[in-house]
Amino acid sequence: MVAAGADELERAAEAALRPRRLDEFVGQSVVRDQLSLVLQAALARGNAPEHVLLSGPPGLGKTTLAMIIASELGASLRVTSGPAIQHAGDLAAVLSSLEEGEVLFIDEIHRLARPAEELLYMAMEDFRVDVVVGKGAGASAIPLSLPPFTAVGATTRAGLLPAPLRDRFGFTGHLDFYSADELERVLVRSAGLLGVVLDPDAASEIAGRSRGTPRIANRLLRRVRDWAQVRGDGGLDLRAARAALEVYEVDPIGLDRLDRAVLTALCTRFAGGPVGLATLAVTVGEESETVETVAEPYLVREGLLGRTPRGRVATPAAWAHLGLTPPRAEGTLFDG
């Protein structure tokens with residue numbers, strides 16, 4: 001429920017809630033202001049703006065900003081992703097079909113195949129690609145000019161981008177987690193688009209459980225709306241919000257079933273750790289990658305779990321949140 005990723009069905013539901021202009025975009029004030037300058041200057045010069053790289057955790061609005069860039073420029077948006085481009089020819093086909101001023105959005109750009117990366121270098125810098133015709137000794141490269149375009153890359157792992165690719169972006173923006181006040185503004189706006197009235201106390205409750213992520217906030221809002229329509233009186237008040245989030249096992253600080261299972265296992269079965277990731281994952285019945293990528297980032301960020309060379313450990317805050325008493329530290333020969 002509180003995973004930051006989204007599947008195709010959720011992306012379709014999100015589409016109706018996305019802002020269309022920069023002045024409608026809530027939060028990320030620094031990136032928004034910087035990006036506004038880049039776009040306004042490019043429009044004033046009549047040129048395509050420099051390439052844009054957006055980085056940050058999932059669910060914070062990178063795809064939305066890419067769509068806003070195209071909208072602000074009055075250009076069409078071409079969407080693809082790193083995993084979908086496994087060969088240089090795949091990227092060449094996309095690039096060769098671009099029109100002048102078009103925006104090319106590459107999601108998860110850090111997952112581009114190396115041959116495609118090298119082709120993208122040339123396309124971004126010189127607006128041309130070399131199309132290879134033939135095979136073996138008889139192969140030849142035909143240079144193909146491209147119209148000026150703007151590449152927008154999105155990544156959750158900027159450190160995996162090779163330096164030559166990163167350097168070709170004229171503007172780089174990093175998106176941070178949202179404050180509770182910003183999430184409340186997101187929720188009020190989304191509720192209006194969904195045609196429901198959201199009580200301020202309910203908005204505050206949902207925002208506090210959304211892990212600083214608009215995607216999660218909108219997801220929880222839709223679940224509260226469902227509860228209110230089926231089991232409540234249709235109103236999205238504080239009672240409905242708390243009851244709905246209890247049904248979906250999202251606690252007051254945003255932990256879900258998996259988060260609590262990890263902390264409970266760590267505290268009750270391993271005395272707070274340290275314990276290895278694989279052992280912890282087996283204990284909660286999940287894959288190691290799921291625990292590491294879905295549960296751990298938020299637990300670490302909230303100070304509930306620590307990563308050490310010897311394994312994962314529960315912090316005092318984790319014991320307190322679960323209502324448990326940590327074991328007393330064993331004495332040593334040097335204790336008085």
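Is Arg 168 buried, exposed or partly exposed? Arg 168 is partly exposed, at a relative accessible area of 26% (buried means under 20%, exposed over 50%, partly exposed in between, with a 1.4 Å probe and protein chains only).

This is a predicted model: local features need pLDDT of at least 70, side-chain atom pairs count only at pLDDT 80 or more, and totals for chains, interfaces and linings use all residues. Residues are numbered from 1 along each chain as its sequence is written, and side-chain values use heavy atoms, without hydrogens and water.

**View 1. Arg 168 and Glu 125 form a salt bridge.** The N to O distance is 3.0 Å (a salt bridge is a side-chain nitrogen of Lys or Arg within 4 Å of a carboxyl oxygen of Asp or Glu). Arg 168 sits in the loop between α6 and β7. Glu 125 lies in helix α5, and the two are 43 residues apart (helices are DSSP runs of H or I, at least four residues; strands are runs of E, at least two; both are numbered from the N terminus).

**View 2. Asp 259 forms a salt bridge with Arg 211.** Their closest N and O atoms are 2.0 Å apart. Asp 259 belongs to helix α11, Arg 211 to the loop between α8 and α9. Asp 259 is buried at 1% relative accessibility. Arg 211 is buried too, at 8%.

**View 3. Asp 226 pairs with Arg 223 in a salt bridge.** The closest N and O atoms are 2.9 Å apart. Both residues lie in helix α9, three residues apart, about one turn of the helix. Asp 226 is partly exposed, at 24% relative accessibility.

View 4. The structure holds 16 salt bridges.
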